[in-house]
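These are my notebook entries on a single chain.

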Amino acid sequence: GNQEQILKETLDISNIPRQEDVSSIPVWKNIDKEQMKKYLSHEMSFYLSQGCKFNCHFCQAIKGGPEIYRKTDIAAEDLEWLTKKAISFGIYELSIYFSNLDIFQSPFALEKFIDRILEIKRKHDFTYKLRALAVVESTLEVDEKILNKFKEAGLVSIGVGADGATAAAWKQSNKKQKIKKNKKEAEIKMITDS
């Protein structure tokens with residue numbers, strides 16, 4: 001079922017769109033009302049990107065290349081659909097965990113999506129609690145403007161992983177950190193509420 005040609009033949013279609021170009025709304029529409037309410041009442045994952053520039057031995061992700069983001073309009077459409085559905089159940093806050101392996105790895109794509117989150121949040125007077133993962137390198141390099149926007153959008157937690165504390169550990173796992181020497185002892189400015 002993972003071979004595209006077999007899927008095309010089985011489904012009798014000529015083209016399978018990239019998953020980054022597909023909305024989840026048709027799937028969510030088929031979820032039973034009570035199950036959907038339960039789904040929206042707990043933290044959920046939200047597919048925003050896949051892949052990673054690193055090539056760590058321990059990771060099974062698509063790696064060693066640029067992160068692949070969903071189309072912003074489609075991801076925003078999905079988020080707004082979930083928001084409206086939550087409101088229809090009397091839920092005015094969604095807890096979301098983003099799929100990115102390193103949320104700050106593609107700052108321009110992230111900022112574009114954060115801008116859409118802010119639009120949806122204001123339009124529906126809604127609250128988001130957003131969580132994600134990042135690596136030290138991208139966290140130290142991210143523009144403070146993006147961090148502030150992300151906090152405004154609802155960022156509550158970033159799990160920052162170094163995947164080892166020494167150069168030897170990084171070499172063993174093939175995690176090629178490139179933290180500038182002058183930033184090595186930099187304090188990561190925490191802008192989220194504790």
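Before counting any pairing, I noted the criterion: two strands pair if DSSP finds at least two bridges between them. The model is a predicted one.

**Entry 1: the sheet**

I looked up how strand 5 (residues 127-135) is joined to strand 6, and found six bridges between these parallel strands. As one example of facing residues, alanine 134 stands opposite valine 160 in strand 6.

I then followed the other pairings. Strand 4 and strand 5 are parallel and share five bridges; here glutamate 93 lies opposite threonine 127 of strand 5. Strand 1 and strand 4 are also parallel, with three bridges, and phenylalanine 46 has phenylalanine 98 in strand 4 as its bridge partner.

What is the order of the strands in the sheet? I recorded an open sheet of four strands in the order 1-4-5-6, paired in parallel. Strand 1 (44-46) and strand 6 (155-161) each have a single partner strand, so one side of each of these edge strands has no neighbour in the sheet. On average, neighbouring strands are turned by 25 degrees against each other, direction ignored.

**Entry 2: strand 4**

**Entry 3: helix 4**

I compared the span of helix 4 (residues 72-88) with expectation. Its 17 residues should span 24 Å at 1.5 Å a residue, and the C-alpha atoms at its ends are 24 Å apart, which agrees.

I next listed buried residues of helix 4, among them Ile74, Leu79, Glu80, Trp81 and Thr83. The cover over the buried residues of this helix includes helix 2 (25-28), helix 3 (33-40), strand 1, strand 4, helix 5 and strand 5. After helix 4 comes glycine 90, with a positive phi near 80 degrees.

**Entry 4: histidine 124**

I located histidine 124 in helix 5. Is histidine 124 buried or exposed? Its relative accessible area is 18%; the cut-off for buried is under 20%, so histidine 124 counts as buried.

I then looked up its surroundings. With neighbours within four places in sequence left aside, histidine 124 is in contact with Glu80, Thr83, Lys84 and Ile87. The side chains of histidine 124 and glutamate 80 make a polar contact at 2.6 Å.

**Entry 5: helix 7**

Which residues of helix 7 are buried? I noted Ile146, Leu147, Phe150 and Ala153. Viewed down the helix axis, the buried residues fall within an arc of 120 degrees, so they line one face of helix 7. As background, an α-helix has 3.6 residues a turn, so residues three or four places apart point the same way. The buried residues of helix 7 pack against strand 4, helix 5, strand 5 and strand 6.

Finally, I examined both ends of helix 7. At its start, a side-chain oxygen of aspartate 143 comes to within 2.7 Å of the backbone nitrogen of lysine 145. Just after the helix, glycine 154 adopts a positive phi of about 135 degrees.

Note on methods:
Residues are numbered from 1 along each chain as its sequence is written. This is a predicted model: local features need pLDDT of at least 70, side-chain atom pairs count only at pLDDT 80 or more; totals for chains, interfaces and linings use all residues. Side-chain values use heavy atoms; hydrogens and water are left out. Helices (H or I, at least four residues) and strands (E, at least two) are DSSP runs, numbered from the N terminus. Axes are lines fitted to C-alpha atoms, for helices over the stretch in contact, and angles run from 0 to 180 degrees between N-to-C directions. Buried means under 20% relative accessible area, exposed over 50%, partly exposed in between (1.4 Å probe, protein chains only). A polar contact is a pair of N or O atoms within 3.5 Å; within protein, one must be able to donate a hydrogen and the other to accept it, and residues adjacent in sequence count only if both atoms are side-chain atoms. Contact means heavy atoms within 4.5 Å. The arc is that of the directions from the helix axis to the C-beta atoms. The expected span of a helix is 1.5 Å times one less than its number of residues.
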